[in-house]
Number of protein chains: 2
Amino acid sequence: MSCHEILQEKGHRLTLQRMLVIEALHNAVRHISAEEIYEELHRRHPYANISTVYRTLELLKELELVTETDFGEGRVRYHVAEKGHHHHLVCHSCGRVADLEETALHPLKEGLLDEYGFVADLRHLAISGRCNECRSGHETEPKLRY
Amino acid sequence: MSCHEILQEKGHRLTLQRMLVIEALHNAVRHISAEEIYEELHRRHPYANISTVYRTLELLKELELVTETDFGEGRVRYHVAEKGHHHHLVCHSCGRVADLEETALHPLKEGLLDEYGFVADLRHLAISGRCNECRSGHETEPKLRY
DNA sequence: GTTGCATTCGCAAGTGGTTGCAATAATTCT
DNA sequence: AGAATTATTGCAACCACTTGCGAATGCAAC
Ligand SMILES: [Mn+2]
Ligand SMILES: [Mn+2]
Ligand SMILES: [Zn+2]
Ligand SMILES: [Zn+2]
């Protein structure tokens, strides 16, 4: 079911602002920031305010329609949930961002459940560290791809 | 070796401001915020500015003398590394904060190293989710203990 | 269509944290 | 000790994000 439908079904209004935020999220190639979403929104609706972007993102997060990920940039990035749940390995040395299957964290999730009865909420995580390329001395140019 | 000694050894100056920040960190019972550190600093050095607190914390993080943890409060908390490295389970339902042995994340760390050659930097993590008490319906009063 | 009510929005102010810059303080050199 | 050099600080402005509030909007009842 689409974001639009879920929003309406739960009794939220499908305003132009919200539709444009959702569209920006869907059009994003990878992970998009609030500021980038706002740029899209502002182009087509100049009176819109960035606080509406943040409020819409908050709502979409609550409904689990988007995930929020902190890549350590000083700003956070968003991704529509229906495009898939994966995690990331962020190298603090070269800046490279690698994808990590969601299943890579299943053992941890199960361990916390078995030993602590704790249901961990691990979605769209960014784990920082040092990547294989940097460790083996092949210092390549940092290519940030969020 | 103490924070003071390591700081000086690496050629950093041991100013009154820095000593008071370090003292506040050491006196803290659990995890202390920048604002709380600043209150201590300001009491004994009224001209000091909070940006000095942030800059000192930044320096101590780089030297791996303190760890930073985001408990999801909207502000971040600090802990001197020599008091021990543990992680936390934060319940988003009741607010309870439980300690998690560092070893609980060792399997993940090893898995990432073996399969991706990635050396993950997992220190003083806060994992959010739903705790055992909340899951079993015994809704107790939320006791935040950072 | 008009009225009434709840939701959403724009705006401005606030929060936690960072940064550029000029003044100050510590360290090194003479 | 005094001068030159460098690190550190205080201050103000800024950044990402949040929030209170009054105005606008959407929606349902008449
Ligand atoms: Mn992703
Ligand atoms: Mn801790
Ligand atoms: Zn790397
Ligand atoms: Zn709980």
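In the predicted model, the side chains of E68(B) and K61(B) meet in a salt bridge with an N to O distance of 2.5 Å. Both partners fall into the partly exposed class, E68(B) because its relative accessibility is 33% and K61(B) because its relative accessibility is 23%. Shared partners also occur among the salt bridges, and E36(A), E73(A) and R77(A) are joined in this way into one network. Over all chains, the search of the whole structure returns 18 salt bridges.

A further salt bridge of chain B is formed by E23(B) and R44(B), whose closest N and O atoms are 2.5 Å apart. E23(B) belongs to helix α2 (residues 16–27) of chain B and R44(B) to helix α3 (residues 34–44) of chain B, so this pair ties together parts separated by 21 residues in sequence. E23(B) is partly exposed at 33% relative accessibility, and R44(B) is partly exposed with a relative accessible area of 44%.

In chain A, a salt bridge links the side chains of R123(A) and E64(A) at 3.5 Å, N to O. R123(A) is located in the loop between β6 and β7 of chain A, while E64(A) is located in the loop between α4 (50–62) and β2 (66–69) of chain A; the pair therefore ties together parts that are 59 residues apart in sequence. The two residues fall into separate accessibility classes: R123(A) counts as partly exposed at 27% relative accessibility, whereas E64(A), at 51%, counts as exposed, the cut-off for that class being over 50%.

The interface of chain A and chain B was examined next. Contacts involve 25 residues of chain A and 25 residues of chain B. The two chains bury about 1900 Å² between them, and 70% of this area is on carbon and sulfur atoms. On the side of chain A, the most area is lost to chain B by L89(A), Y116(A) and F118(A), which together account for 29% of what that side buries. No salt bridge is found by the rule across this interface, but eight residue pairs are in polar contact between chain A and chain B, with both residues at pLDDT 80 or more.

Several secondary-structure elements contribute to the side of chain A that touches chain B. At least two residues each are supplied by β4 (86–91), β5 (97–101), α5 (106–116), β6 (119–120), β7 (126–130) and α6 (132–135) of chain A. By class, this side of chain A comprises 16 nonpolar, four polar and five charged residues.

Strand pairing also connects the two chains. β6(A) pairs with strand β7 (residues 126–130) of chain B in the antiparallel sense over two bridges, and A120(A) stands opposite G129(B) in β7(B). Two bridges likewise join β7(A) to β6(B), and these strands run antiparallel. In β6(B), V119(B) is the residue opposite R130(A).

The pairing of β7(A) with β6(B) forms part of an open sheet of four strands, arranged in the order β5(A)-β4(A)-β7(A)-β6(B) with mixed pairing.

Key: Residues are numbered from 1 along each chain as its sequence is written. Chains are lettered from A and ligands numbered from 1 in the order in which they are written. Side-chain values use heavy atoms; hydrogens and water are left out. Contact means heavy atoms within 4.5 Å. Buried area is the accessible area (1.4 Å probe) that two parts lose on being put together, summed over both. A salt bridge is a side-chain nitrogen of Lys or Arg within 4 Å of a carboxyl oxygen of Asp or Glu. A polar contact is a pair of N or O atoms within 3.5 Å; within protein, one must be able to donate a hydrogen and the other to accept it, and residues adjacent in sequence count only if both atoms are side-chain atoms. Ala, Val, Leu, Ile, Met, Phe, Trp, Tyr, Cys and Pro count as nonpolar, Asp, Glu, Lys and Arg as charged, and the others, Gly among them, as polar. Two strands pair if DSSP finds at least two bridges between them. Buried means under 20% relative accessible area, exposed over 50%, partly exposed in between (1.4 Å probe, protein chains only).
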